[in-house]
Amino acid sequence: MKWIDRQVARAVAAGRVGTPVALRAFLYLSEDHGRLMETVGAVLAAAGGWFSSPARRLYALGGAAHGEITVLAEFAGGQTALISAGLLRGPAPLANILVIGNKGTLRFEGPAVPEPAPPAVRRLLSAVERSLASGAAVEVG
Amino acid sequence: MYGVLLLGGLRTHQENYAPLFAADRRSRLIGVSDEPEIPAERARWNREFARQLKLPLLEDLDAALARPDVDIASICVEWERRGRLAVRCARAGKHLYLDKPLAGSAGEARAIVEAVRQAGVRSHMDTHIRTTWALEARRLVDSGRLGELRSVHCDLLFAKGRSGTAPLPRPRREHFPPRRYTFVDAKRELMTTGVYSLALIGWLTGRRIRTVWATTSNYFFAEHARNDVEDFGMMAMTLDGGLTATLTAGRIGWSADPMGGPSRVTLVGARRSVIIDAWQPRLEVYAEEIPWSPPPVHPEDPMGFWKSGQQEVHTRPKQAWIVDQQGNLPTEVGYFLDCIEQGRESDLSAARAADGVEALMAAYRSAATGEVVTL
């Protein structure tokens, strides 16, 4: 995931797709239910970096028991991200990432290695947990 | 043979449907008609369409609907007029071939459903559900190979229009109910493209949507921002039985995709998950050919909505990928004629399509309020 994060950040910085405005990501990386939250958190954090804007509000669906966590997030600058992290149910870990800019798209599809979410993600994960528990959209805080 | 009355002409999807009815040996085109008090521009496009197809322009709609040789009404008028016109056609005893979305409000959609029920006619809304990839998704779900279905995720984004002109960053302020949907240079794109995905989700799962949280945005086009309609949207939903579903919908610009735009469904099952891409399988071509470039902007069709508009500015087809999304399958028109002949309900009747309109209205309400909306 670090490689993807770095390459997307470079392409964005070079202005290759204009201003990044939206993200659609699927991550089926691990058979461990316990890693779904941190995978979602890591991608939310990466998206905030690509957008240069923090997540402001989000709504989460599913849960570890469901086998997939999906988060639809709004960022402070109006960008949006729809991220699904699910259990590995295929032959190999798969990440499918579509970064949409106002003048083009960046895409990655291939194997990826899950990595521990950085400590700064704690605030995002707390919001995801609150949304899953309440069934409501929540401010990231 | 079924006689088909075309309601709406050029600059509508009638440009796509009429040739399919004309090509099917079971149907023939009778004429082009519409309501009497329509804008001059719409009247001109209808007249031109009738001329191109060498059909009569039937200006008296009541008389056209009273004709015994008209069995089917193919309805492609502007979304804002669709509800009342479809009801009128159903009450005249005509089967309805309906453009998507079904109508501009949940109330109008329900009125169509009721009129169809009372008249005992067949109805079908055109979408993607008879394509090879959608049918593959359905086969996979029905086969049980995925295990219990947990989630469905749909992405449909149209790679059309000259993007990069919308003022950024500017979070969109949504209104509910939507006041207007269609303009010459813009449409509400969550509704335009989201309707396909909602139809697919309903058809694949057989479940009804219960809650919706949605966002609408202006990311790409000054035209959409100027008309105060979104060019992009996302929805996150719960369905009966604990299923979850999401979709992305919008128009993202000519240069954002090698072909028509991302189009895929991701199925998450208890045993297996798959991504089914409408652009797979494909043959990719890289050669010393003139690279594709966006067409000039057509003043009457700047977003590339219509086949006629794109032909008039000589838009070259994108040819980097060779794909066959229809194969030898019957077209949606052929499927609808099968339903009429065999006296059976379409998989995407007005009643099913009305569920999609209800979900879209919930999405606009959610985007306007920031709340999760329960249907």
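Modeller: Domain bounds, as used here, are taken from an automatic or database domain assignment. The model is predicted: local features need pLDDT of at least 70, side-chain atom pairs count only at pLDDT 80 or more, and totals for chains, interfaces and linings use all residues. Residues are numbered from 1 along each chain as its sequence is written, while chains are lettered from A and ligands numbered from 1 in the order in which they are written.

Biologist: Which domains does the assignment give for chain B?

Modeller: Domain 2 is written as two segments, 132-330 + 359-374. Domain 1 is written as one, 2-121. The answer is domain 1 (2-121) and domain 2 (132-330 + 359-374).

Biologist: How many residues of domain 1 of chain B are in contact with domain 2 of chain B?

Modeller: Contact means that two C-beta atoms, placed from the backbone, lie within 7 Å. Domain 2 of chain B brings 14 residues to this contact. On the side of domain 1 of chain B, the count is 12 residues.

Biologist: Which elements give two or more residues to that side of domain 1 of chain B?

Modeller: Elements are DSSP runs numbered from the N terminus: helices are H or I with at least four residues, strands E with at least two. On the side of domain 1 of chain B that touches domain 2 of chain B, the elements giving two or more residues are α1 (14-23) and α4 (79-91) of chain B.

Biologist: What separates the centres of the two domains of chain B?

Modeller: The centres of domain 1 and domain 2 of chain B are taken over C-alpha atoms. They are separated by 25 Å.

Biologist: Why does B:Asp257 count as buried?

Modeller: B:Asp257 is in the loop between β10 (244-251) and β11 (263-269) of chain B. A residue is buried if 20 or more other C-beta atoms, placed from the backbone, lie within 10 Å of its own, exposed if 12 or fewer, and partly exposed in between. B:Asp257 counts as buried because its C-beta neighbours inside 10 Å number 22.

Biologist: Which residue of chain A is in contact with B:Asp257?

Modeller: Neighbours of B:Asp257 within four places in sequence are left aside. From chain B, the contacts are B:Ala159 and B:Pro262. From chain A, the contact is A:Thr105.

Biologist: What radius of gyration does chain A have?

Modeller: The radius is taken over C-alpha atoms, and the globule rule is 2.2 Å times the number of residues to the power 0.38. With 141 residues, a compact globule would be near 14 Å, so chain A agrees at 14 Å.
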